[in-house]
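Student: I am new to this structure. Could you show me how to read its features, one at a time?

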Amino acid sequence: MSSTATIDTSPPTNRGMRGALNRDAFRKSIPLLAVRVPAAQTTKFMKSDIVKSRVLDIPKVRTVIPDAQDSKSRLVLLRDKDEESLSPEIRSFIEKEALGFAPYNLELDYSYWTADEILQAVLPEHLCETSPTSFTITGHLAHINLKDEYLPYKYVIGQVILDKHKGLRTVVNKLDNIDTEFRFFKMEVIAGESDFVVEAHEANCKFTFDFSSVYWNSRLHTEHERLVSLFNPGDVIADVFAGVGPFAIPAAKKGCVVFGNDLNPSSAKYMQKNADDNQVNDRVRVSNVDGREYIRQIASEAWHRPFPPLGLPKSSKQRAREKRNQQQAKIDGPATAPDDLLPSRRRIDHFVMNLPGTALEFLDSFRGILAPFKALPDFKTIYDTMPMVHCHCFTKEIETADAITDIRRRAERALGHALPEETTFHFVRAVAPKKDMYCVSFALPRDLALGGK
Ligand SMILES: C[S@@+](CC[C@H](N)C(=O)[O-])C[C@H]1O[C@@H](n2cnc3c(N)ncnc32)[C@H](O)[C@@H]1O
């Protein structure tokens, strides 16, 4: 007896196809049996239990289709190939309720199969077990990390991924070597346009950047959100390794002011663009210097060249209301009080240091950062509490207690000072089997920041 199990809808195999993808090689004609039913009777016919069990049930294939020979009837596709495979009971039902049988060829082509199905039909069998279809999408660009054995098929793999995912315009293969300083991947285009400037969205902000020249990791979005949630509107943030701004821009949108720094000129350029595009450029000051130099001078900059007093960010509704009020004021004279402005702030509330490979090694730079203005009259009031430092790092220790011991030891060695009791160690994510990412957060020890031990 025939059943779906015998209808082979897998694509024709074209093993070893490399270079250009030949989509025409993926065509399949499947002979089926159809029942011709008067159009007006189709619903009733389909509802009968006896027919239901025999109707074709293949994903993405319509089972009732127009009848090319008669516009007043429809063809109902069955899962059987010929009349002989039908039970006498079904046959007599069809003879009574329908207009008869018709042969039908189900034509499947490249558009029918998923990327994975096509790749399973293209790759040599020994490469099929771990088909390389997992990739990450950033904007219009998909990035994949192909193992060496898949490289001969990279263009076919890239083209199939591109064809099968709406919105993609570029597929790149990450090359093994990551830029050690700026943490972006070297990559080659394996399908589509050679356009690396992507638009990504995180925390209701739009980020534009050149994926081939800056660091971006969408897996960090929870960590970005977590730290930003610790900031209060009006806080002053110093982001030492800011990238294109995934901490800086959402923090500014929340009402913080941000000194965002990155040594990579491309990151700094796109951080500025992202501040402009998200309409927070009055709250973000971008710099492009080495993190060590930045840590040493940024508290002085905040003290001597603070951001001007700024209001809290407004919703579009608030802005519209204000505009209406201003127009009304032109007629009636001023009626609304000026906005409450947050006072200008000369202190730094939070340092963010997300360069997990080496950030701990920069901690010695904090020594004496507040010394240049510690004798000024209002210093004690302004720095009544010390800035928080949030420093990301990796550890090979997998047990939490061991990880904390390891991170504490390295942080204290770099600082040349014990960490405060209230220090927290937040597990961010497992990066590799023996490599976890943490964020250690602590209030900068006052004596260290003032220049002593
Ligand atoms: C891991 S990325 C983090 C970027 C961003 N904060 C994020 O969370 O996605 C580290 C950033 O530090 C920058 N960087 C590397 N070395 C640096 C240095 N010595 N001084 C300042 N920035 C540096 C890199 O260009 C990169 O953008």
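This is a predicted model: local features need pLDDT of at least 70, side-chain atom pairs count only at pLDDT 80 or more; totals for chains, interfaces and linings use all residues.

**Reading the ligand site**

Tutor: Residues are numbered from 1 along each chain as its sequence is written, and side-chain values use heavy atoms, with hydrogens and water left out.

Student: Which polar backbone atom is 3.2 Å from a nitrogen atom of the ligand?

Tutor: One of Leu263. For Ala242, the distance from a polar backbone atom to a ligand nitrogen is 3.5 Å. On the side-chain part, an N or O atom of His224 lies 2.8 Å from a ligand oxygen.

Student: How much of the ligand's accessible area does the protein cover?

Tutor: Accessible areas come from the Shrake-Rupley method with a 1.4 Å probe. On its own the ligand has 590 Å², and the protein covers 97% of that.

Student: Is Gly291 buried or exposed?

Tutor: Buried means under 20% relative accessible area, exposed over 50%, and partly exposed in between (1.4 Å probe, protein chains only). Gly291 is buried because its relative accessible area is 4%.

Student: What does the UniProt record say about His224 and Gly291?

Tutor: The unreviewed entry annotates a "binding site" that includes both His224 and Gly291. Such annotations may be inferred rather than shown by experiment.

Note on methods: A polar contact is a pair of N or O atoms within 3.5 Å; within protein, one must be able to donate a hydrogen and the other to accept it, and residues adjacent in sequence count only if both atoms are side-chain atoms.
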